[in-house]
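Here are a few notes to read alongside the structure, for anyone opening it for the first time. Have the viewer ready and follow the points in order.

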Amino acid sequence: DGCGHTVLGPESGTLASINYPQTSPNSTVCEWEIRVKPGQRVQLKFGDFDIDDSDSCHSSYLRVHNGIGPTRAEIGKYCGFDFQMDGLITSKSNEVTVQFMSGTHTSGRGFLAAYSTTDKSDLITCLDNASHFSEPEFNKYCPAGCVIPFAAISGTIPHGYRDSSSLCMAGVHAGVVSNTLGGQINVVISKGIPYYEGSLANNVTSKVGPLSTSLFTFKTSGCYGTLGMESGVIPDSQITASSVLEWSDQTGQVNIWKPENARLKRVGPPWAAFISDEHQWLQIDLNKEKRITGIITTGSTLAEYYYYVSAYRILYSADAQKWTVYREPGMDKDKIFQGNTELYQEVRNNFIPPIIARFFRINPLNWHQKIAMKVELLGCQFSIGRAPKITVPPPPQNKNDKNGDFSDDIINSVKTSLQTDKTTFTPEIKNTTVTPSVTKDVALAAVLVPVLVMVFTTLILILVCAWHWRNRKKKTEGTYDLPYWDRAGWWKGMKQFFPTKSAEHEETPVRYSSSEISHLRPREVPTMLQTESAEYAQPLVGGIVGTLHQRSTFKPEEGKEASYADLDPYSSPLQEVYHAYAEPLPITGPEYATPIIMDMSGHPSTPLGVPSISTFKAAGNQAPPLVGTHNKLLSRTDSTSSARALYDTPKGQPGPGAADELVYQVPQSVAHSTGSKDEPS
């Protein structure tokens, strides 16, 4: 009569003295016989020990024996108030006897202990909570039987549990471990929250809790998603029931509480059975096999109809013909799940281990007034791993029975593995799916791609350089160039984009004859420059040679000659008249014409003051500046009466005579105003 809370599982369990944690009664006794699998040993750990030791363990004590029955041998005898037992008590066999004796005493809570096989080195008791451990994450083994009335928890999943909660009891509430089997938990500590919700799950009631400095949660497999009742993934046609409640209210309206109404959190009436007895059921077809890890239920959720199911069984099937009642491993009785205690609250129950099935059936056993409920299933997809394809080499030409038998053995072994192994394959098999050829291709591509990029980049650079070289060659080898003074404003802007310096900027000397240099005034004598030979003769120019140094793109008119005179550069008007016989520029040449530079030493001059027609277009309204500060280039004239270019002298000075005039040589076949032709000098 001295036995308290007791759960003895096949691998672990929990035992406590009567009335624990209150004072145990006098003159009581209890013995626990613990057995585990043969070949294993038992380890015992005390969570609390408080036994009166006033008579030196004579009448009140706890004794542990190695073995069961008359042949058992005592391991130790223990007593004391708040006795702290370091370490574990380990047996020498797979059987242990624990004896508790309570004599006459006035105080003492008794004890609470947990046991497991010795391979569970991280065993804890049902009284341990998260505040007992300093690690932010740890693994522990919870014994069976930790749903105890004198322990409390606060919180729920997924938000977490208050740090003062029992670890193992919270593990049962969360569905991580089974109360009848125990199991391993993976705990993660994090910062606390201001408020902890309460709920009912797996026959454990979690209470509302206040703010705490920390909380803990559990790492799980993640197979706790909803399977489609609430969302509608499961269609109405796949929800059936043994019977349907149909009735008329006071207004005469017919109410039918059909099976498809049994969707959690859906507004409206639930499913209700027409007859309330233990033979009613609600069936859900998942369309294919799923891994079912839990179920959530509510009552009618209608205040005027206080209906709910308080206990039920679970049945499952693969074909809806042969049904299996859910039982926990090692148990010979059907598991009865606790249902609702009122019509609104959601109650969760987990299946450890999970159910693998397509058809799922709920069989109510207890209810309030009528059988009525809404449900949701928890779980995830279930897939059977496929065996790798095995290629059997074809037998040789001369068939023999041994090779045939060998092939049959391989095929049979593959069939056997597909029938027995219904779990996913190990990572080693998955890693062999990548063939060596794929690996070689990847390595080859990693080498070729950079090489190809470099080759294409080099080709592009070569093409760009060749293009620039070709353009530069065309510039230097062109027959006609632009004069410096004939560039338009936009052309000046475009020149900055040219990659290399063109030949237009190179000044070359012009040859003068000694006779003509003697005719020039001192201010008109420029630096002597030499130019390359051109198609047309170049003129002897004084005072403007610095700018008129490029080869001409104009061909003079056949049969006419023209002469030029030095006029006053200060009063001569500037005329913008194009030569009537100017030929268009070549396609690859510059856009503007360059002046004709010709030697006029052997041609007769024409009188001054004869009007002329210009063959050059001035940029803007002014002529470009020439060498020196006083000379300005006037327009070249050409007409039937005169072909001389006139230049003015500064005001206050007499005009130049015929002998002092600056003369330009007229190209071949250019007619003078008199109609005569002269050969170039």
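1. Let's begin with the aromatic rings. The count of aromatic pairs comes to 21. Keep in mind as you look that this is a predicted model.

2. Tyr326 sits in the loop between strand 24 (324-325) and strand 25 (337-338), while Phe337 belongs to strand 25, so the contact ties together parts that are eleven residues apart in sequence.

3. Phe337 and Phe351 make an edge-to-face pair, with 5.4 Å from centre to centre and 85° between the planes. Phe351 comes from strand 26 (residues 347-368) and Phe337 from strand 25, so this pair ties together parts that are 14 residues apart in sequence. Phe351 is buried as well, at 2% relative accessibility.

4. Now for charges over rings. Lys335 lies over the face of Phe337, 5.2 Å from the ring centre. Arg361 does likewise with Trp323, lying over its face at 4.1 Å from the ring centre.

5. Elsewhere, have a look at a cluster of rings. Trp32, Phe46, Phe49, Phe83, Phe100 and Phe111 are linked into it by ring pairs.

6. How many residues of helix 1 (residues 167-174) are buried? Eight of its eight residues are, so you'll find the helix mostly covered. The buried residues include Leu167, Met169, Val172 and His173.

7. Five strands form an open sheet in the order 1-2-9-4-7, and their pairing is antiparallel. Strand 1 (3-8) and strand 7 (89-90) are the edge strands, each pairing on one side only. Strand 7 pairs with strand 4 (residues 42-50) in the antiparallel sense, over two bridges. To see one of the contacts between them, pick Leu44: its bridge partner in strand 7 is Ile89.

Conventions. Residues are numbered from 1 along each chain as its sequence is written. This is a predicted model: local features need pLDDT of at least 70, side-chain atom pairs count only at pLDDT 80 or more; totals for chains, interfaces and linings use all residues. Side-chain values use heavy atoms; hydrogens and water are left out. Rings of Phe, Tyr and Trp (its six-membered ring) pair if their centres lie within 6.5 Å; planes under 30 degrees apart count as stacked, over 60 as edge-to-face and the rest as tilted. Helices (H or I, at least four residues) and strands (E, at least two) are DSSP runs, numbered from the N terminus. Buried means under 20% relative accessible area, exposed over 50%, partly exposed in between (1.4 Å probe, protein chains only). A charge sits over a ring if NZ of Lys or CZ of Arg is within 6 Å of the ring centre and within 35 degrees of the ring normal. Two strands pair if DSSP finds at least two bridges between them.
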